[in-house]
Amino acid sequence: MIVFQTFKALLESMSVSVTTVPDLFLTSVKLSHDATGAQYLHAARDDSNNLFSVQFRTTPMDSTGVPHILEHTVLCGSQRFPCRDPFFKMLNRSLSTFMNAFTASDYTMYPFSTQNAKDFQNLLSVYLDAVFFPCLRELDFCQEGWRLEHETPTDPSSRLMFKGVVIIADISDNESLYAQHLQNKLLPDHTYAVVSGGAPLDIPDLTWEQLKHFHATHYHPSNARFFTYGDLPLEQHLQQIEEEALSKFERTEPNTAVPPQTHWDKPRVDHVTCRPDALAPDPIKQNTLCMSYLLGDITDTFEAFTLSLLSSLMISGPNSPFYKALIEPEIGSDFSSSVGFDGSTRQASFTIGLQGMAEDDTEKVKHIIAQTIDDIVATGFEEEQIEALLHKIEIQMKHQSTSFGLALASYIASCWNHDGDPVQLLKISENVSRFRQCLKENPRYLQDKVQHYFKDNTHRLTLTMSPDERFLEKQAEAEEQKLQEKIKNLSDADHKDIYEKGLQLLAVQSTTQDASCLPALKVSDIEPIIPYTPVQLGTAGGVPVQCCEQPTNGMVYFRAMCNLNSLPEDLKIYVPLFCSVITKLGCGELDYRQQAQRIELKTGGMSVSPQIIPDTDQLDLYEQGIMLSSSCLERNLPDMFQLWSDIFNRLVFFQETEKEIFKSLCKCIDFILMHLHRPAGDLQRDGPGEIAELTDLTSVLRKLPRIKRHLLNPENMRCAVNATPQKMSDAAGEVERFMGNIAANRKERKPVRPTVRSHRSPSSSSQEPHFKPCQMKTYFQLPFNVNFVSECVRTVPFSHADYASLCILAMIMTCKFLHGEIREKGGAYGGGARMGGGGLFSFYSYRDPNSTQTLSAFRGGVEWARAGKFTQQDIDEAKLSVFSAVDAPVAPSDKGQ
């Protein structure tokens with residue numbers, strides 16, 4: 001309570017509640033600001049990665065995208081910091097570990113995190129001024145939201161078209177489109193019936209005046225929830241927020257609450273269409289069907305906790321009833337991406353259904369869903385399934401991530417947004433104990449919930465979606481009609497105004513901004529020495545082992561790198577596929593279902609992934625391998641290593657292998673599509689795309705055992721273990737036994753290659769025998785109206801004297817040239833340059849409507865840099881950004897890696 005005594009005057013104007021949350025090793029301080037009604041939650045925790053967020057309940061009643069466009073526009077300049085785009089400019093003047101903003105269906109959040117106390121104050125000033133006192137200039141609204149502008153702004157005879165970052169950047173894939181329709185139709189009475197991010201046909205109906213009004217009514221302390229986290233003192237946060245924001249407002253009564261959805265008296269059925277999927281494995285199977293059930297209010301935290309657990313029991317893993325009923329019969333390609341518990345709206349929902357199914361199977365799927373619910377009501381769940389799920393929750397509480405504060409802010413956001421108690425939400429052990437007690441008192445507790453929320457629930461929506469060959473054509477026609485409607489109502493004066501505003505915007509975008517008003521750290525504020533992480537090097541059964549003692553909170557983390565040097569060239573293309581299925585096939589005495597259950601019950605997960613590690617000295621040298629990763633509670637150490645031993649020694653290729661391969665191929669394609677928001681330079685060509693073209697997978701099945709013999713080989717391994725000092729000797733002993741087990745199984749076999757016997761020696765790197773660097777142009781055709789562009793240049797390896805300079809150059813080019821050309825002028829969501837560890841200097845853009853213009857901007861960036869159009873201050877700011885990444889926090893599980 002010493003904190004409060006030093007800040008008594010301010011605290012006397014607030015209602016205060018202090019709660020210890022031992023599950024998460026934090027103390028919560030919940031406050032309410034009497035003068036404005038602003039709510040505040042502080043989570044004091046021994047974590048240097050401090051976080052701030054402010055969120056507003058934003059409840060639009062149309063699909064013009066006003067909260068989304070406002071989120072963009074408030075970050076374009078404010079009263080104290082009127083320069084254009086201070087948010088982006090702070091990336092180069094800060095050591096932030098995270099800076100962003102999010103628009104959800106019913107709230108907008110502005111979070112940042114940093115490990116530097118001075119930086120925290122700087123960013124807090126910028127964020128507070130941005131959200132409470134933004135400039136909201138008309139030209140910023142036009143740039144970020146939408147505008148009518150000539151295709152060539154300087155040519156008034158060129159055609160008029162819609163432009164703007166938000167209106168152009170829509171890349172809704174079929175799954176996102178379906179999820180949006182599902183929410184709109186399940187909750188049709190209020191704000192959830194509209195598209196908060198904006199629908200392309202509705203965005204042009206938003207006016208600048210409406211945007212300003214929405215800000216005035218929603219971005220007010222009376223409608224705000226402040227959250228801070230970390231080891232910095234609360235009183236300093238409160239004082240700064242009071243002085244720079246709260247003291248300048250009086251309480252209002254914001255009309256932003258979301259009323260409960262009226263419960264239906266009978267189920268509803270609806271249908272929507274989508275674009276055909278050119279990547280679908282079977283053109284006939286492109287339909288989606290889901291049943292969605294409206295559940296209870298998310299502010300009832302225990303009921304929401306119970307329903308979330310129930311959802312996982314019903315759908316997660318091969319032992320769940322809906323997996324057995326819907327996935328194993330191969331009626332569809334997978335669960336719909338909307339499947340599961342959704343607690344993001346005031347009333348939660350549960351959705352179950354399939355995607356990639358044939359239209360003829362519609363009634364069959366409906367019947368299976370209904371029958372499976374009946375079966376759950378009758379038989380319930382096995383005790384081991386429930387224990388595995390509760391074990392997963394225990395793991396989640398103990399695992400320490402570097403972005404714990406951000407995860408916490410996101411976790412409490414929806415419940416708190418609707419006036420639920422965020423602190424109660426954090427008392428996870430209390431909820432688990434209460435859940436166990438409910439099961440003890442009523443063995444049919446979960447079955448009764450299924451009966452009530454699913455079997456007897458009349459608020460149920462069955463939504464189907466099918467492809468329409470003319471979907472994109474109809475969409476384009478509707479957008480063109482919208483454009484023509486806007487144009488036909490224009491007077492001569494309007495045409496002149498559009499032309500002049502286009503020139504004004506271009507002039508503003510081309511003007512170098514004075515950012516001196518923004519706060520900034522200096523290079524001298526950076527810690528000159530990187531903290532040293534001690535490790536102990538040893539061997540286990542002749543295999544190099546690195547041990548790193550860390551405060552892992554009762555967890556043990558294991559990694560092993562298996563080198564690919566001995567693998568024949570013809571098998572390398574199958575390595576990503578091998579990695580994706582190898583822990584899902586069954587091992588030892590366990591079939592694939594039993595193995596999945598065992599992994600959930602005894603570990604925090606087991607994964608295998610392909611790895612390519614560039615050599616630090618030579619561009620054409622690199623180490624290829626696979627990374628084995630797993631974690632467990634200390635009490636489950638022997639069980640985790642027994643599972644790995646069985647995968648190495650007693651892997652069984654069941655008849656399910658071909659199914660797993662097919663599913664993995666589908667997920668590889670989905671993964672690429674899901675990650676298209678990342679810079680285009682990240683895309684790599686690998687095996688799954690080529691394997692997916694095969695009609696017969698028999699040849700692939702035969703290759704997996706061969707790959708296993710080469711890769712799961714202790715002679716090509718090195719390992720790392722992170723654990724507490726008290727448990728390290730036990731962990732090292734288990735690694736020793738594990739190596740003994742797998743070595744004994746191979747003792748009669750002749751080594752396939754001389755053994756690598758160092759923790760990471762030059763001999764572990766290799767050079768592709770037939771690889772020769774060459775120029776290449778690649779085009780991936782995707783069904784989106786925006787593009788992802790990249791250009792890469794081969795430069796120097798990590799240890800080269802010019803490497804650091806190229807890192808700085810990439811940051812300077814991004815902030816001082818490419819951002820303005822690609823995002824502000826070109827309308828892309830983002831773009832820039834970066835220097836990769838493998839020696840590739842990459843230019844990139846994403847969600848980009850002007851790809852050829854962006855390629856010219858890449859070349860323009862090079863000429864700009866060659867002309868030396870940057871200053872020493874620009875260089876110093878770029879250093880801050882580079883060091884922000886170098887000094888990024890590292891979790892105990894990853895220290896020493």
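Guide: Two strands count as paired if DSSP finds at least two bridges between them. Keep that in mind as we look at this predicted model.

Visitor: How do you know that strand 20 and strand 21 pair?

Guide: Strand 20 (residues 606–614) and strand 21 are joined by nine bridges in the antiparallel sense. The rule asks for at least two bridges, so they count as a pair. Isoleucine 613, for one, stands opposite glutamate 623 in strand 21.

Visitor: What makes strand 19 and strand 21 a pair?

Guide: Strand 19 (residues 555–563) and strand 21 run antiparallel, with nine bridges between them. At least two are needed, so this is a pair as well. Here phenylalanine 558 has serine 630 of strand 21 as its bridge partner.

Visitor: Why is strand 21 called largely enclosed?

Guide: A residue is buried when its relative accessible area is under 20%. In strand 21 (residues 622–633), 11 of the 12 residues are buried, so the rest of the structure largely encloses this strand.

Visitor: What holds the strands of a sheet together in general?

Guide: They pair through backbone hydrogen bonds, either parallel or antiparallel.

Visitor: Why are strand 23 and strand 24 said to stand at the edges of their sheet?

Guide: That open sheet has three strands in the order 23-25-24, and the pairing is antiparallel. Strand 23 (787–794) and strand 24 (830–835) each have a single partner strand, so one side of each has no neighbour in the sheet. From one strand to the next, the twist averages 10 degrees.

Visitor: How do you know that strand 23 is joined to strand 25?

Guide: Seven bridges link strand 23 to strand 25 (residues 840–848), and the two run antiparallel. Since at least two bridges make a pair, these strands qualify. Asparagine 787, for example, stands opposite aspartate 848 in strand 25.

Visitor: Which helices pack on this sheet?

Guide: Helix 28 (residues 803–825) touches strand 24 and strand 25, and its direction makes about 170 degrees with that of strand 24. Helix 29 (residues 851–866) touches strand 23 and strand 25, with about 30 degrees between its direction and that of strand 23.

Visitor: What makes a residue part of the lining of the second largest pocket?

Guide: A lining residue has an atom within 4 Å of a point of the pocket. For the second largest pocket, 36 residues line the space, with Ser48, Gln115, Pro889, Val890 and Lys895 nearest its centre. Helix 30 (residues 872–886) gives the largest share, four residues. By class, the lining has 15 nonpolar, 14 polar and seven charged residues. The space in this pocket is about 1,100 Å³.

Notes
Residues numbered from 1 in each chain as written. Predicted model: local features only at pLDDT ≥ 70, side-chain atom pairs only at ≥ 80, totals over all residues. Heavy atoms only, no water. 1 Å grid on protein atoms, 1.4 Å probe; cavity = no way out; pocket = protein on both sides within 12 Å on 5 of 7 lines; lining within 4 Å. Points joined across faces, edges and corners; volume = space filled by probe spheres on them. Nonpolar A, V, L, I, M, F, W, Y, C, P; charged D, E, K, R; others polar. Axes fitted to C-alpha atoms, helices over the stretch in contact; angles between N-to-C directions. Contact = heavy atoms within 4.5 Å. Buried < 20%, exposed > 50% of the residue type's maximum accessible area, 1.4 Å probe, protein only.
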